[in-house]
Amino acid sequence: MIRLDRFMCGAGAGTRSQVKALIKAGRVSVDGEQVFSADLKIEENRTRVLLDGRPLFLPGNVYYMLNKPAGVITAARDARERTVMDLMKDAPGKDLFPVGRLDKDTEGLLLITNDGALAHRLLSPARHVEKRYLVHTAAPVSEEMCRALEEGVEIGDGKPTLPARTERIADMPCALYLGITEGRFHQVKRMLDAVGNAVTALRRVSMGPLLLDDKLPQGGWRELTEEERRTLGV
Ligand code: URA
């Protein structure tokens, strides 16, 4: 938590006395409400502060976890479709983007940040960062299917997929956890096709050390905790 006037100074809105005058003059709103109190406490990466209608941001990198719902596309903007960034429009921070892509019908963990170096570290094929999915399937998942997925399957790219990790789920024959370290187009769906099954629903549950917070509602987002940032090295 930070005082509103300190936040505004940090965001480059002026000196302490200048921002106090701006607040007093009614030119500042916090989460949609005009405010007049400089010592109001706000959450720096959660509260939307507008000066004369324009958002203010503290400089520096910000990190959010989004629980992507099905039906929105992973893109910065789109003329027709709703995008994940439309869901993030109240999130403070400049130049935010999603780290990696989930298909329109895929749900789950998406990291949203403006830290290009972290995105590169998480997505670089050489780093082999594991993305783990809960995969629902049309037919029961057999041991043979798991073995094939673990060893690598041909999905039409001319080279088999890299070794993956599978975990069958007790009481859920038509589901498995699948951990992959690549990010090929529609990779999980194509891998399940390759073993004679089919994906009926897909949810990303982790990316490297970052786990989807199961308390986040579909379409909900929150800032990463200190602990989560530490595990990502940021
Ligand atoms: N694999 C897929 O097939 N789709 C996704 O959205 C992610 C991984």
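1. Val 84 is found in helix α3, which covers residues 84-87; helices here are DSSP runs of H or I with at least four residues, strands are runs of E with at least two, and both are numbered from the N terminus. Val 84 counts as buried because its relative accessible area is 0%, where buried means under 20% relative accessible area, exposed means over 50%, and partly exposed lies in between, with a 1.4 Å probe and protein chains only. Not counting residues up to four places away in sequence, Val 84 touches Leu 66, Lys 68, Val 72, Ile 73, Thr 74, Ala 75, Pro 98 and Leu 110, and contact here means heavy atoms within 4.5 Å. Val 84 and Ala 126 are 42 residues apart in sequence, and their C-alpha atoms are 27 Å apart in space.

2. A word on the basis of these values: this is a predicted model, in which local features need pLDDT of at least 70 and side-chain atom pairs count only at pLDDT 80 or more, while totals for chains, interfaces and linings use all residues. Residues are numbered from 1 along each chain as its sequence is written, and side-chain values use heavy atoms, with hydrogens and water left out.

3. As for the chain as a whole, it has 7 helices and 15 strands, and its C-alpha atoms fill a box of roughly 70 × 35 × 30 Å along the principal axes. Of its 234 residues, 45% count as buried, and among contacts between residues at least 6 apart in sequence, 63% join residues at least 24 apart. The accessible surface comes to about 12200 Å², of which 50% belongs to carbon and sulfur atoms; such areas come from the Shrake-Rupley method with a 1.4 Å probe, and for residues only the protein chains shown count as cover.

4. Turning to the ligand, which residues surround it? They are Leu 102, Asp 103, Thr 106, Tyr 133, His 186, Gln 187, Val 188, Lys 189 and Leu 202, where a residue is near a molecule if one of its heavy atoms lies within 4 Å of it. A polar side-chain atom of Asp 103 lies 2.7 Å from a nitrogen atom of the ligand, a polar backbone atom of Gln 187 is 3.4 Å from an oxygen atom of the ligand, and a backbone N or O atom of Val 188 lies 3.1 Å from a ligand nitrogen atom. The protein covers 95% of the 240 Å² of accessible area that the ligand has on its own.

5. Just after α6, Gly 196 takes a positive phi of about 80°.

6. Leaving out residues up to four places away in sequence, Thr 106 touches Lys 68, Pro 69, Ala 70, Lys 189 and Leu 202. The C-alpha atoms of Thr 106 and Lys 68 are separated by 7.7 Å, although these residues are 38 apart along the chain.

7. Glu 130 has its place in the loop between α4 (116-123) and β10, and its side chain makes a polar contact of 2.8 Å with the side chain of Arg 165. A polar contact is a pair of N or O atoms within 3.5 Å; within protein, one must be able to donate a hydrogen and the other to accept it, and residues adjacent in sequence count only if both atoms are side-chain atoms. Beyond its neighbours within four places in sequence, Glu 130 is in contact with residues including Arg 165, Gly 179 and Thr 181. Thr 181 is found in the loop between β12 and α6, and it counts as buried because its relative accessible area is 18%.

8. Asp 31, in the loop between β2 (28-30) and β3 (33-34), has a positive phi near 50°, and Asp 31 counts as exposed because its relative accessibility is 51%. Asp 171, in the loop between β11 (165-169) and β12, has a positive phi near 70°, and Asp 171 is exposed, with a relative accessible area of 79%.
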